[in-house]
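This briefing describes the fold of one protein chain, topic by topic. Please keep the sequence and the structure in view while reading.

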Amino acid sequence: RPFLSSKAYGLGFQPHLDSIASRYEATTTLVKLVGLKHFVVIAISRQEQLRVQIDIGSRVPALISATGRCIAAFGVHSRDEIEAGFAKLRWHNPPTLTEWWASVEETRAKGYAIDDGHYIRGMCAISAPVQTGSGLTHCVTALGFAEQLRHIGLDRIGEEIRDRAQSVTLSSEYVPI
């Protein structure tokens, strides 16, 4: 519960979430990672007219979508732990484990991850890790309709999210769980 308070907005991310959401007409989120169990939405911005419904406090399985690729690429979990978690995921259009590991390697190389219609058909998620002294703790994600985000350019969006995630540090007001 501590990260669901208004102090979550003291992270310094809200202006970045608002800017990305406005520029790309996407829903943007900041999520807090909770091991390999799940991640929790702690800040959000919506600027598009037709929007993705996500609420603060929403919990999502840790390894799913673009955020899951960031957790696998930049987290501290073993390959066996990750594969056991991956086996439990439910996707609309599931990648094979081999395809997913290839996208994790691409995430590691680029510094951001893309899930183009695997987790939810027709939706695209682009995530970048926020690393602190204690390692990977948060991710920034832009979500939207796949066709719209593809038209803008998935790599263009990913590069901006990555750069912003790397440039912002956690506020001293934040109370981690």
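Which strands does helix 6 lie across? Helix 6 (residues 154-167) lies across strand 4, strand 5 (123-132) and strand 6 (135-145), and runs at about 25° to strand 5. The model is predicted: local features need pLDDT of at least 70, side-chain atom pairs count only at pLDDT 80 or more, and totals for chains, interfaces and linings use all residues. Residues are numbered from 1 along each chain as its sequence is written, and side-chain values use heavy atoms, with hydrogens and water left out.

**Overall make-up**

- The chain has six helices and six strands; helices (H or I, at least four residues) and strands (E, at least two) are DSSP runs, numbered from the N terminus.
- Along the sequence these elements follow the pattern α-β-β-β-α-α-α-β-β-β-α-α.
- Of the 177 residues in the chain, 49% are buried, where buried means under 20% relative accessible area, exposed over 50% and partly exposed in between (1.4 Å probe, protein chains only).
- Among contacts in the chain with a separation of 6 or more, 61% are between residues 24 or more positions apart; contact means heavy atoms within 4.5 Å.

- Six strands form an open sheet in the order 3-2-1-6-5-4, with antiparallel pairing; two strands pair if DSSP finds at least two bridges between them.
- Strand 3 (59-61) and strand 4 (113-116) are the edge strands, each pairing on one side only.
- Neighbouring strands of this sheet are turned by 30° against each other on average, direction ignored; axes are lines fitted to C-alpha atoms, for helices over the stretch in contact, and angles run from 0 to 180 degrees between N-to-C directions.
- Strand 2 (residues 38-46) is joined to strand 3 by three bridges, and the two run antiparallel; Val-40 has Arg-59 in strand 3 as its bridge partner.

- Four bridges pair strand 4 with strand 5 in the antiparallel sense, and Ala-113 has Ser-127 of strand 5 as its bridge partner.
- The hairpin of strand 4 and strand 5 has six residues between the strands, and Gly-117 in the turn has a positive phi of about 85°.
- Strand 5 and strand 6 pair over ten bridges, again in the antiparallel sense, with Thr-132 opposite Gly-135 of strand 6.

**Helix 1 against helix 6**

- Helix 1 (residues 14-24) packs with helix 6 at an angle of about 170°, and their axes are 11 Å apart.
- Helix 1 is therefore roughly antiparallel to helix 6; angles under 35 degrees count as roughly parallel, over 145 as roughly antiparallel, 65 to 115 as roughly perpendicular and the rest as oblique.
- Residues making the contact include Ile-20 and Tyr-24 of helix 1, and Ile-157 and Ile-161 of helix 6.
- This contact of helix 1 with helix 6 has four nonpolar, three polar and four charged residues; Ala, Val, Leu, Ile, Met, Phe, Trp, Tyr, Cys and Pro count as nonpolar, Asp, Glu, Lys and Arg as charged, and the others, Gly among them, as polar.

**Helix 3 against helix 4**

- The axes of helix 3 (residues 79-87) and helix 4 (residues 97-110) cross at roughly 125° and come within 12 Å.
- Helix 3 is therefore oblique to helix 4.
- Arg-79, Ile-82, Glu-83 and Phe-86 of helix 3 make the contact with Leu-97, Trp-100 and Trp-101 of helix 4.
- Five nonpolar, no polar and two charged residues form this contact of helix 3 with helix 4.
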